[in-house]
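User: I would like to go through the labels used for this model and see what each one rests on. Please set the values against the cut-offs.

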Amino acid sequence: MEKTWSLRLIRFSAIFGLFGTFLGSQMAGEMDYSLRPIHAHILLVGWLSVFAWGIFYRVYTIKFKKLVAIHSVLGMVGAFTLTSGMWLYNLNPFNWNETFVMIFFIVGGSLLLLAFLLFLVITFLTEKE
């Protein structure tokens, strides 16, 4: 279970890494750094954190396998909704209702917070070698 989710998390993080570096190069090329917070969150949450979780699951065996799946889904959904919600909140390119956009952003951040909390718990539930 851990190995399967490890690869999924690493692939997911690779998508964020590519998108984050593309956004950074786009900002540099245009000399417009207004999306710096979004760029930073894409790389720190979507690439670095998710990648670290993937490596953790590659290295350690977890006692309660279902927690691995729950954490991974929470982390991926949280990373996606937080960063896309942040983008929508700052730019709102589709003219969506501001309340909806704010709730979307907050839900993403809350899911990600739960993922980090669950990860903390999981680190104490590794099997002895």
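Analyst: This is a predicted model. To begin with a packed pair, H3 passes H4 in a left-handed crossing.

User: Why is H3 called roughly antiparallel to H4?

Analyst: Helix H3 (residues 65-91) and helix H4 (residues 98-123) pack at an angle of about 150°. Angles over 145 degrees count as roughly antiparallel, so H3 is roughly antiparallel to H4. Their axes are 7 Å apart.

User: What classes of residue make up the contact of H3 with H4?

Analyst: The contact of H3 with H4 has 21 nonpolar residues and eight polar ones, with no charged residues.

User: What makes Ser72 count as buried?

Analyst: Ser72, which lies in helix H3, has a relative accessible area of 0%. Buried means under 20%, so Ser72 is buried. Not counting residues up to four places away in sequence, Ser72 touches Trp5, Leu9 and Tyr57.

User: Is Lys63 buried, exposed or partly exposed, and why?

Analyst: The relative accessibility of Lys63 is 46%. Buried means under 20% and exposed over 50%, with partly exposed in between, so Lys63 counts as partly exposed. Lys63 is found in the loop between H2 and H3.

User: Which residues are in contact with Lys63, leaving aside its neighbours within four places in sequence?

Analyst: They are Leu125, Thr126 and Glu127. Contact means heavy atoms within 4.5 Å. For Glu127, 64 residues from Lys63 along the chain, the C-alpha atoms of the two residues are separated by 5.7 Å.

User: Which residues have the most contacts inside the largest nonpolar core?

Analyst: Trp53 and Tyr57 have the most contacts inside this core, which has 27 residues. Helix H1 (2-30), helix H2 (36-59), H3 and H4 are the elements that give two or more residues to the core. With neighbours within four places in sequence left aside, Trp53 is in contact with Leu9, His71, Gly75, Leu112, Ala115, Phe116 and Phe119.

User: What is the pattern of the protein, read along the sequence?

Analyst: The pattern is α-α-α-α, and the secondary structure comes to four helices and zero strands.

User: How much of the protein is buried, and what share of its contacts with a separation of 6 or more joins residues 24 or more positions apart?

Analyst: Buried residues make up 40% of the 129 residues. Of the contacts with a separation of 6 or more, 74% are between residues 24 or more positions apart.

How values were computed
Residues numbered from 1 in each chain as written. Predicted model: local features only at pLDDT ≥ 70, side-chain atom pairs only at ≥ 80, totals over all residues. Heavy atoms only, no water. Axes fitted to C-alpha atoms, helices over the stretch in contact; angles between N-to-C directions. Parallel < 35°, antiparallel > 145°, perpendicular 65-115°, else oblique. Left-handed = near helix turned anticlockwise from the far one by under 90°. Nonpolar A, V, L, I, M, F, W, Y, C, P; charged D, E, K, R; others polar. Core = buried A, V, L, I, M, F, W, Y, C linked by side-chain atoms within 4.5 Å. Buried < 20%, exposed > 50% of the residue type's maximum accessible area, 1.4 Å probe, protein only.
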